[in-house]
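Let's walk through a protein model together, one region at a time. Keep the picture open and find each residue as we come to its name.

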Amino acid sequence: MAHDNIAEYLELLKSPLWENKRRRILERDERRCTICGATTSLVVHHKQYHFYKKRNKMAMPWEYEDKYLVTLCKSCHEKGHEIFEIPTKTVESK
């Protein structure tokens, strides 16, 4: 994970800002896993992480454009993390 402290990251996921973003992505993806079509145990996955050079810190979970987020079921999410490392992109803005 691109965030150094998992406990702090998990706290960020409790933010109303993330909850609103998460709800929007779930609705966009019709509350289904975009891989297997499951409708339970859904998570919103970041396809990549962003590191803001000017701020010298990672983007907040809710700061990503919707195109970088996707709905997955817990099983597909875990399988994906076993196979792939999520890339971190350095960005100039913000």
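The side chains of H45 and H77 are joined by a polar contact of 3.3 Å. A polar contact here is a pair of N or O atoms within 3.5 Å; within protein, one of the two must be able to donate a hydrogen and the other to accept it, and residues adjacent in sequence count only if both atoms are side-chain atoms. Before going on, please note that this is a predicted model, in which local features need pLDDT of at least 70 and side-chain atom pairs count only at pLDDT 80 or more, while totals for chains, interfaces and linings use all residues. Residues are numbered from 1 along each chain as its sequence is written, and side-chain values use heavy atoms, with hydrogens and water left out.

Back to H45, which is found in strand β1. Helices (H or I, at least four residues) and strands (E, at least two) are DSSP runs, numbered from the N terminus. H45 counts as buried because its relative accessible area is 14%; buried means under 20%, exposed over 50%, and partly exposed in between, with a 1.4 Å probe and protein chains only. Leaving aside neighbours within four places in sequence, H45 is in contact (heavy atoms within 4.5 Å) with Y68, L69, V70, L72, H77, H81 and I86.

Next, look for the largest pocket, whose volume is about 370 Å³. Among its 18 lining residues, the closest to its centre are Y9, L13, V43, V44 and H77. On a 1 Å grid over the protein atoms alone, a pocket is an open set of points where a 1.4 Å probe fits, with protein on both sides within 12 Å along at least five of seven lines, and lining residues have an atom within 4 Å of a point. Grid points are joined across faces, edges and corners, and the volume is the space filled by probe spheres set on the points. Which strand gives the most to this lining? That is β1, with five residues. Helices α1 (6-12), α2 (16-28) and α3 (74-83), as well as β1 (42-46), each supply at least two.

Two other buried residues deserve a visit. T71 is found in strand β4 (residues 69-73), and T71 counts as buried because its relative accessibility is 0%. Its side chain makes a polar contact of 2.9 Å with the side chain of D29. Not counting residues up to four places away in sequence, T71 touches several others, including I25, L26, R32 and C33. K21 has its place in helix α2 and is buried too, with a relative accessible area of 8%. Among the contacts of K21 beyond four places in sequence are W62, Y64 and E65.

Finally, find the open sheet of three strands, with the order β3-β2-β5 and mixed pairing. Strands of a sheet pair through backbone hydrogen bonds, either parallel or antiparallel. Two strands are said to pair if DSSP finds at least two bridges between them. Strand β2 (residues 49-52) pairs with β5 (residues 88-91) in the parallel sense over four bridges, and with β3 (residues 57-58) in the antiparallel sense over two. F51 has a bridge partner in β5, T90, and another in β3, M58. Y52 stands opposite K57 in β3. In the hairpin of β2 and β3, with four residues between the strands, N56 takes a positive phi near 55°. The edge strands are β3 and β5, each pairing on one side only.
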